[in-house]
Amino acid sequence: MSTPVPRQSLGEWLISEQPASRNQARLGQIWRTWVLFSGNRLGMIGLGIVVLLVLVAIFANVIAPYDPLLGGDLRTERLLPPSWDHLMGTDDLARDIFSRVVHGARLTLLVVALVAIIATPIGLLVGTVSGYFGGWVDTLLMRITDIFLAFPRLILALAFVAALGPGIENAIIAIAITSWPPYARLARAETLTIRNAEHIDAIRLQGASAPRIIWGHVVPLCLSSVIIRVTLDMAGIILTAAGLGFLGLGAQPPQPEWGAMIAGGRRFIIDYWWVATMPGIAIFAVSLGFNLLGDGLRDVLDPKAEK
Amino acid sequence: MNPLLSVENLRIAFPSRQGPVEVVRGVSFSLGRERLGIVGESGSGKSQTGRAILGLTPVTGTATADRLEFDGIDLRNASPRQWRKLRGARMSMVMQDPKFSLNPVMTIGKQLMEAVKLHGGKSEARDKSLAMLEAVQIRDPERVMAAFPHELSGGMGQRAMIAMMLVTEPDLLIADEPTSALDVTVQIEVLRILDRLVTERGMGLIFISHDLRLVSTFCDRVLVMYAGRVVEELDARRMDEASHPYTRGLLNCLPTITGDTRPLPVLARDDAWLE
Amino acid sequence: MALIEIENLEVTFDGGDRQVRALKGVSLSVEEEDSFGIVGESGSGKSTVLRALCGLAPVTAGRISIDGKPVPSPRDQAFYRRVQMVFQDPYASLHPRHTIDRVLSEPLAIHGFDHAEKRVEQALEDVGLGSGFRFRYPHQLSGGQRQRVAIARALILEPKIILLDEPTSALDASIQAEVLNLLDRLRADRGLTYVLVSHDLAVVSHMCDRLVVMQSGEVVEELTREELQAHDTTRTYTRNLLTASAGFTRSPARPR
């Protein structure tokens, strides 16, 4: 008696065995991946944490009850313990820690997004080109990769900061420059197995140029494993950014960067535990979220990980 | 006389999003000391039938049967200990690709001798292994004993694999497409070895293949499987008397060297065959 | 003059410390609108001939010419419009992340063909797949359907020569018959020239008017279909192949 629920018919449209258009086929593919992924509980928790991070970053102004940079009355509101007025307490400059943590999400997301945007394409491009052409191109690109791999991240960041002055931007550049080589290696290894596949021979026989083959045929097949790797690396990147902040080389005061906040709270860690602990919990939660998301993605996207 | 193996109403199901899917739906047959062929196309359940007899159904699947008896032993409730005593010693399996079935980091000789030792006979393990390699027509058994699997050609590897499965002189051998990866000339040689073992040692052989023509020239009896069921059981010498349209279709759609039917007759599938 | 002429073709693969001579001076010629078979066992170099022809294997010596003109190296766009190939494994020869539509449209885009939409629909129609298949992914198709897509892809540039590398060896017998019939019909309709490589003498005998038998990188013998059917061969190797293809015989002395 009931009319079909629209959602259900949408689902049927998505998993149709005979899609009628390009977009339906593509959406159907995405839907199938989503259905697979949504069955993974830990992956969904990870996705939830990451989505929460994004939402908090977007709506930081609405969520944060106080100004993250301006403190309250220094005589009465310094180092207050967590309470309903100040959910995570206040720090030594009478600033509300909850508001600072919320605004810190923006900086963390900025670091994560910029590193992903800079490092992933470089890694993919270097790896696929190197793997596809082989020979001297491969040798040259891989030795360059080796050189970059040899730089310790923190030391390179130090050098950058020394040259360009401290700041979150330079920290991001330093992290991005040191994080692409593993992606390049991964993409190269994948490309080496793909480049002799019959479907690559087939497109070659249709007269496709090397850039077309690499971009349209090799990259889509390397992409999933690189995305998995990038997601799993995000935790490490957040920790590195926090570490730089902690050392005073990343975000500079009064920016509400989580690592710098821990550094600031270090002096009072015995008597006023919440100052360093609250941003620490935030770092922990977000890192864990990215790790869970990466593991979930691997279960869905990587055919080799199938049980 | 009791048959060597009897199978009654074997069913194998795998779980899926839409509930369990039966890939084998009530297969029954019995086997004496003879060559039984199981023929079918991909997805017909022929390989799963073979694996189930050895208790090698993948963990996600469930195999049930009203009767699954090997030489008086009920295989349905066999304990892991019983299986260990049976598999390898009394019943063996040859797979399609020797590369996946041989240990890549152990020499053929070591693997062979290990198989002999596991099933008794420590002292004469080496002699027995050499003799077995000779029996499968390997001309230079000493060299093969010292070789690693990747150092052998496809045909050699397959023969070494068969030697390994036969060195314990099993009563039942299940051969799942044992020759499909081989060239035709090598294929015939391998079949000849299997044939001798059946006639000389009185072994029972289940030969699983997609190649109806090959099976009909090699086996005594043929079961034709379609969608998890046996649609027809035939005497191999009377293939031309096949009555089921599927069997007839399979026989007719193969091109022959001398024939010149053009276009080739195409198999029209009938949903009624599923019942 | 023959359409395809191959003279003393040699291919050597450089496998690190040792070199493998896959072809040791192969010569053959294929007439226009002919269907030419190459038979051999694994390692005979039969597929290497096809791969060398279309530039996928390194030619170390010899000449390949089409229509009397030597083929350029690397092959140019005009070559790919004349010569296309169907591969052995339909599960490996289609990109797993591309829809059938993309598989068929891409060659059209590369060569700047017009009316791409109509051509894709027509190509699917020609190989017996309706337009309902157009936006599917390869994993939604069976092996036989995939091989039909591969054939449609080879035909969409309207080539004259199709190289078939074991086009049915990965398919079930009943599907093989369908694909062989399709190939037969397309050749008759379009006046195509086929070079078919197979290990199966029956398939070659069914499809080809002339054939060569290859063994370890060399041509052993050249036969017509009639000669093959009459077992009219002078070489022991060919005779062994013919006997083995007939199936298993218990023992030579066994009475029928």
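**Domain and chain contacts in the predicted model**

In chain B, 11 residues of domain 1 are in contact with 13 residues of domain 2 (contact here is C-beta atoms, placed from the backbone, within 7 Å). On the domain 1 side, the residues that touch domain 2 of chain B come out as eight nonpolar, one polar and two charged (Ala, Val, Leu, Ile, Met, Phe, Trp, Tyr, Cys and Pro count as nonpolar, Asp, Glu, Lys and Arg as charged, and the others, Gly among them, as polar). Domain 1 of chain B covers 1–90 + 178–268 and domain 2 covers 101–169, with bounds from an automatic or database domain assignment. This is a predicted model, in which local features need pLDDT of at least 70 and side-chain atom pairs count only at pLDDT 80 or more, while totals for chains, interfaces and linings use all residues. Residues are numbered from 1 along each chain as its sequence is written, and chains are lettered from A and ligands numbered from 1 in the order in which they are written.

As for chain A, 22 of its residues are in contact with 26 residues of chain C. At least two residues each of the chain A side come from α2 (22–38), α9 (198–204) and α10 (210–246) (helices are DSSP runs of H or I, at least four residues, and strands runs of E, at least two, numbered from the N terminus). The top contributor is α9(A), with five residues. By class, the side of chain A that touches chain C holds 10 nonpolar, eight polar and four charged residues.

Key
Contact = placed C-beta atoms within 7 Å.
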